[in-house]
Each structure stands twice: as C-alpha cells, then as structure tokens.
Amino acid sequence: MSDNEHPESAKRIKLDIPEGILFGMGNPLLDICAITKEDFLEKYGLEPNNAILAEAKHQSMYKEMASMDNVEYIAGGATQNTMRVAQWIVGKPYCATFMGSVGKDEFSETLEKKAKEAGVLVRYQKQDNHPTGTCAVVVTKNGMCRSLVANLAAANHFAQSHLEIPENWALMEKARFYYISGFFLTVSPASIMMVGKHACENNKMFCMNLSAPFLCDLYRGPMMDAFKYVDIIFGNETEAAKFSEVQKLGVTDVKEIALKVAALEKENTKRERVVVFTQGADNVILAKDGKISEFPAIKLPEEKLIDTNGAGDAFTGGFMAQLIQGKTIEACIKCGIWAATEIIQRSGCSFSQDVRYTNE
C-alpha cells in the first residue's frame, strides 16, 4: 500500500518494523462520552472508575447521554484503542492488525475510518442482524473518574470461524506479538485459546489485560484457562486486588500480588511471566525475574486533566509500541506512562498526529 493512501502515517519516519508484527482481538465499540454529575451514576446504579456490561436498566442511559450538550462520539474498545495508540507511536502503517465484530452501519464505518487513519489493519467480522456495539463513558469529578457501561451488540457475536478464515489465520500467524483485552473473555474464549496456544508453541509473546474486576470473578474459568499462556499481564490496582481475592493468593499488597501472579503456572517455560500493574497517579509496579521495580507516573496539574478514559489502553499501547521494537521492559513502561499522560489531556482515547514520542 502506498504512502499516498495514508496521509497521516506518511508524515512519519519509516521504521524497520515488519507489517503485521502485532495482532489484537477485542470488542470494537463506539464510545458515547459525556461529563455528568455524580447523581447520574446513582440513577443508573453505576460506580466511579468501574466497567460493566449493560443490563436492561441501562438501555435508556444511552439515549439520555446522546441528548446531552457535551456528548462526544469516539472510536473505542480496549484492544482497538491499544492498537491505535501503538500505531500512533510507531508511525509505520499496518504494523498492527485487529479483529473484532461490528454491524453494517454508520458506527462501524466510523470505527474503521479511525482505525485506518491510525494505520491499523482491521479485519472486522460484519454482522447483518446486530448493530455495532457502543460503550457509555460517564465522566465525573472533573475528569478524574469514569464509569464504563458496554453494550456489546455485534461485538458479542465474534465467531472463532472468522479467525479460521485462511487469510485471517495467515495474519494471526504472521504476528510475533499478541495483545488481547480481558473483555474479550466474555465473547470468544475459544479464539483467545487458539491465539495463546499458537504463541506458546512458536515462542511468541502473548499479552493480556485483567481489564475489569468483574472479569476476574465472573469469568475466572476462561481467564485462568488462558492465563497459562500469558507472558505479560497488565492490570490496575483494583483489578489486582480482585484477582488476588478470587484466586486466593493470600496477599493484599499490590507488590506482593504482582510477585504471586508472576509465579503462577505458565506453559511456555522459556521466559518468565512479567506483571505490570498501574495505579493511576501512583507508581507503576513491575514484577520481573522475582523482583519488584517501581516507575513514577507523570503528575499533571488539575487544569490539564481532561479525561482518564482510555488511560489504561494508552499505557498498553505505548508499552506494546516499544515491545515490538525489541526495547527493554523498563523502556516499554516509560513509553506507556508517556502515552497515558498524553491521552488524559484529551477526550477519550484520542491523540494528535503532530505529537511524537522521542525518549529512548
């Protein structure tokens, strides 16, 4: 594909990174984002800084948010966000491939357009009878808190057979690094297992994210089935605490949890598991080779903080952008911190093509 087809990406310096080196699967969603008062959370039974799947009681919420003056529509979905951020930082088109399920509607056209603008190669499974999924992003406390309510719709109908289509399977095999959000555990655990097994058998890097406390509990079975293949696991302090509780690790300190998680059974013994836990504005915790390291987050003045939605996705995107270039885990974390800091100064998981990561 020529540079002329990708004007934004063509502005970047070309790097010697293979196309398709990074592969992701997840739930492509259009974020419906609005800043509200805290009584809006109470009205719909929501908690700040939490993520859940939509229930019947939440259906009217989407319409109410759509009528708000400050509503924004932003391309979202955790794994797709990570792929977009990684591409933004790398700068060379189509280093990342993403698969997920969407409807045949305007929302899916918007998602595909945003992905292509970022240089992500998308292979959507398109549903005739289900609309593209949406995610309500309820922002409170001046951007400091966000509550996510996902209505998966078409995203919930991703089929393993889509991955098995020869040209799609070839794209998966071509990759050397894999990233899948924990949210995909609710959709296609079989697809996750296929990718994890392939990565393990070919000594490739398989990464996942705990993503939300409810996944650690309600989807503990499929999560732990996939866990044996995980080389790098991401999460935040709340997810880490829930994981420790559910798995009966017997510890509550986030550093001790990280060490325990790193030591859990692992299929590929050629490399030890790496654990990375973020803690908002507090230090990032790294468990690697039986040791703990800490990395300070970049603290912003309150007036620069716009929206923490997407910070975690941006962190993993920055991390993966360096990982696929063979950088150290420490360098990956520093880039992740930078990316998250950039994203929280804007609405949703969005970024400026004019901003470049330059730290080595």
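The lining of the largest cavity comprises seven nonpolar, one polar and no charged residues, where Gly would count as polar and Asp, Glu, Lys and Arg as charged. The model is predicted: local features need pLDDT of at least 70 and side-chain atom pairs count only at pLDDT 80 or more, while totals for chains, interfaces and linings use all residues. Residues are numbered from 1 along each chain as its sequence is written, and side-chain values use heavy atoms, with hydrogens and water left out.

The residues that line this cavity are L185, M208, N209, L210, M223, F227, V230 and I233. A cavity is a set of points on a 1 Å grid where a 1.4 Å probe fits but cannot get out, and lining residues have an atom within 4 Å of a point. Strand 10 (205–209) and helix 10 each contribute at least two residues to the lining; helices are DSSP runs (H or I) of at least four residues and strands (E) of at least two. The space in the largest cavity is about 40 Å³.

In helix 12 (residues 254–262), the buried positions are V254, I257, A258, V261 and A262, buried meaning under 20% relative accessible area with a 1.4 Å probe, protein chains only. They lie on the same side of helix 12 because they cover an arc of only 130° around the axis, taken from the directions from the helix axis to the C-beta atoms. An α-helix has 3.6 residues a turn, so residues three or four places apart point the same way.

How values were computed: Buried means under 20% relative accessible area, exposed over 50%, partly exposed in between (1.4 Å probe, protein chains only). On a 1 Å grid over the protein atoms alone, a cavity is a set of points where a 1.4 Å probe fits but cannot get out, and a pocket is an open set with protein on both sides within 12 Å along at least five of seven lines; lining residues have an atom within 4 Å of a point. Grid points are joined across faces, edges and corners, and a volume is the space filled by probe spheres set on the points.
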